[in-house]
Amino acid sequence: MTGMSLPITTQDSNLKQGGSAAQTPRMLIPHKYAWTAPFLLAAALLLAIVASLCVGAYPMTPFHAARVLLHLLWPFGHGLAQFNLKEITVMKIIRPPRVLLAALAGMGLGISGTALQGMMRNPLVGPDIVGVTSGAAFGGVVAITLDLPPAGIIVLAFVGGLLAMACTFGLAKLAHGGNNSMILILAGVFIGALFLALVGLVEFYGNVFRIRDWIIGSFVNADWTKVASIAIPTLFGGAVLMALRWRMNLLSLGDMDAKQLGVNVSVLRWTVIAVVSLIVSAQVAVSGIVAWVGLVIPHCARMLVGPDHRRLLPTAGLMGALFVLGLDDLTRSIVHGGLPVGSLTAIVGTPTVCFLLWKSQGKGWGRE
Amino acid sequence: MSNTVIEFNNLGHAYRPGEWVFQNYSAAIQQGSIFALLGPNGCGKTTLLKVLLGALKPSTGSVVMDGRSAFVPQLFQVTFDYSVLDMVLMGRARQVGLFSQPSVEDEEAAMASLDRFGIAHFARHPFHELSGGERQLVIFARALVSDAEILILDEPTSALDLKNQIVVLDWITRLSHQDGLTILFTTHHPHHALAVADNALLMLGGSNLVSGKAGDVLSEENLRALYGVDLKLLAFEHKGHSHETLVPVLPYASRARQQAR
């Protein structure tokens with residue numbers, strides 16, 4: 001019996017000649033408008049902010065809202081007399097700080113979730129999953145129980161958030177899984193549960209109503225002090241993460257590969273952890289736990305612009321702002337004063353994550 | 001060809017005290033040469049690579065690596081759906097500042113590297129949709145664009161079909177001969193080592209090793225001692241060139257085929 005001989009060409013190794021690539025039609029990455037998406041979203045956010053100033057228990061037309069706002073901002077004008085007290089109160093004290101607070105909280109959570117998912121190489125991670133939210137909440141409730149001022153709440157929330165993240169990474173390292181994203185997530189779940197239990201304990205002995213109102217996640221008591229408290233950490237932290245956005249791609253390859261490419265992995269990782277803790281703690285300190293945003297928004301942004309953090313990070317920030325602002329507008333439109341937005345983000349977020357999980361089967365989730 | 005770029009002396013590693021994976025290993029790898037590491041499953045090839053790369057601290061001995069290195073793991077998977085161009089662009093990490101983004105020049109360098117390997121047409125395709133052979137070429141392109149001087153590959157042909165095995169081995173030879181890269185690779189295929197490597201090290205377990213010129217080290221006796229099976233060294237002429245290869249002898253299958261005839 002004579003065996004069949006197959007000709008093997010070794011002169012030209014170009015795969016176009018016979019590799020599977022030439023024969024299998026492949027789909028191009030469907031992110032045709034990836035670079036324009038952040039600009040379109042920025043424009044949409046501006047429009048959403050204007051719209052948000054108009055909706056609520058006392059609705060106004062955009063033109064009228066703009067007129068009131070311009071008169072309030074213009075220091076030399078004397079035309080305020082033409083507006084009634086309700087309009088002035090709404091546009092001076094109630095809506096602008098609330099709208100900015102919601103947008104900044106959503107922006108911070110979107111950016112933080114994206115950075116965490118990239119760093120941990122797992123799209124099922126968010127600030128609430130890895131324990132940072134619970135840690136910040138614990139710091140916050142301790143500060144509230146001790147009757148500390150808003151700055152004290154932020155500082156203790158930051159310390160709590162950072163402590164929780166350090167515990168998560170420490171536990172993962174003890175389990176020899178510092179480089180394994182599943183071990184990190186498990187460690188985060190354990191640490192998060194521990195800090196939530198501590199929150200419950202402090203709640204039991206502290207001012208239960210004040211703590212409950214704070215922790216449930218709401219923008220009801222927004223004021224300009226809270227806006228400043230969230231704006232400074234979010235904008236500063238966001239700027240640092242934006243500057244490191246390409247490095248996030250490298251970090252998402254895994255420690256060994258990133259090190260071989262010349263990345264100082266531990267410095268970069270701890271920078272991201274510190275910045276994420278700062279942003280999330282600031283958000284928790286001023287508006288309580290707003291769940292799921294940091295988990296859901298990065299997925300939606302990735303579907304829109306792809307996984308490259310150069311586009312993904314700004315897109316997730318803008319989408320997060322739009323998402324939380326939209327939900328807060330909805331709560332204000334439904335109930336006078338507004339429902340706690342933290343509950344609504346969880347109610348909307350859970351089915352969204354379930355849908356994304358179903359939709360993304362076989363597209364790479366969980367690859368190690 | 002006489003500059004030593006990788007040197008390890010009395011190298012040993014134990015995950016637990018007294019349980020040595022390997023011990024007292026010494027070798028020197030010259031610039032621009034191809035060095036093959038062979039040994040049965042579990043003998044510690046990947047551990048040795050990790051020690052050389054600095055991912056694991058050696059229990060004893062020292063490693064000196066003189067030059068930028070790039071590592072190509074056995075199975076290269078990415079969690080996120082990066083494009084091929086994004087993957088190659090990441091090779092520019094040393095050239096791009098900490099708070100900077102890759103420039104147009106970096107993208108051009110990445111495209112040129114992809115073009116060199118004949119896969120520029122995949123630039124906008126998702127990396128994870130490529131075949132194993134194509135992925136290896138993308139990682140080679142990334143290594144080249146990173147200005148690496150040493151390429152360390154963990155079983156580069158293990159998951160590839162025959163054509164892609166030849167493509168990858170061909171590129172290993174080209175990168176060494178044309179670009180002067182020093183290449184260290186592990187393999188389960190002695191005939192691959194014989195075909196492309198200048199030097200080889202056989203990991204016989206514990207502190208036993210055989211190291212030297214590939215043609216001398218990859219003998220029938222040494223490979224029998226390494227794997228416990230018989231291999232036959234065959235020499236032949238093809239298109240005016242002389243070749244040598246190693247063929248395993250399958251005792252039962254050979255007898256069965258002969259009886260069938």
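Predicted model: local features only at pLDDT ≥ 70, side-chain atom pairs only at ≥ 80, totals over all residues.
**Figure 1. Chain A is built from helices.**
Chain A has 15 helices and zero strands. Of its 368 residues, 52% are buried. Now take the contacts in chain A with a separation of 6 or more. Residues 24 or more positions apart account for 75% of them.

**Figure 2. Chain A and chain B meet at an interface.**
The contact draws 47 residues from chain A and 53 residues from chain B. Between them, the two chains bury about 4,300 Å². Carbon and sulfur atoms carry 58% of that area. The rule also finds ten residue pairs in polar contact across the interface, both partners at pLDDT 80 or more.

Which helices of chain A each supply at least two residues to the side that touches chain B? They are α1 (20-23), α4 (85-120), α9 (224-243), α10 (245-251), α11 (255-260) and α14 (309-334). The largest share comes from α10(A), with six residues. By class, this side of chain A has 18 nonpolar, 17 polar and twelve charged residues.

**Figure 3. A salt bridge joins the two chains.**
The count between chain A and chain B is two salt bridges. One of them pairs B:Asp86 with A:Arg310. Their closest N and O atoms are 3.5 Å apart. Side chains of opposite charge can pair when their charged atoms come close.

**Figure 4. A:Arg310 also pairs within chain A.**
A:Arg310 forms a salt bridge with A:Asp308. The N to O distance here is 2.7 Å. Are these two residues buried or exposed? A:Asp308 is buried, because its relative accessible area is 0%, under the 20% limit. A:Arg310 has 9% relative accessibility, so A:Arg310 counts as buried too.

A:Arg332 and A:Asp328 form a salt bridge, with the closest N and O atoms 3.8 Å apart. Both residues lie in helix α14 of chain A. They are four residues apart, about one turn of the helix. A:Arg332 counts as buried, at 7% relative accessibility. A:Asp328 is buried as well, at 1%.

The pair belongs to a network of salt bridges. Which residues are linked in it? They are A:Arg98, A:Asp328, A:Asp329 and A:Arg332.

**Figure 5. A salt bridge in chain B is partly exposed.**
The side chains of B:Asp230 and B:Arg224 meet in a salt bridge at 2.6 Å, N to O. B:Asp230 is partly exposed, with a relative accessible area of 38%. B:Arg224 is partly exposed too, at 37%. Over all chains, a search of the whole structure finds 13 salt bridges.

Strand β1 (residues 4-16) and strand β2 (residues 19-30) of chain B pair in the antiparallel sense. How many bridges does the pairing run over? The answer is eight bridges. One bridge partner to look for is B:Tyr25 in β2(B), which pairs with B:Leu11. In a regular strand the side chains alternate between the two faces of the sheet.

Now look at the turn. The hairpin of β1(B) and β2(B) has two residues between the strands. There, B:Gly18 takes a positive phi near 85°.

Notes. Residues numbered from 1 in each chain as written. Chains lettered and ligands numbered in written order. Heavy atoms only, no water. Contact = heavy atoms within 4.5 Å. Buried area = accessible area lost by both parts, 1.4 Å probe. Salt bridge = Lys/Arg side-chain N within 4 Å of Asp/Glu carboxyl O. Polar contact = N/O pair within 3.5 Å; in protein donor to acceptor, adjacent residues only side chain to side chain. Nonpolar A, V, L, I, M, F, W, Y, C, P; charged D, E, K, R; others polar. Pairing = 2+ DSSP bridges. Buried < 20%, exposed > 50% of the residue type's maximum accessible area, 1.4 Å probe, protein only.
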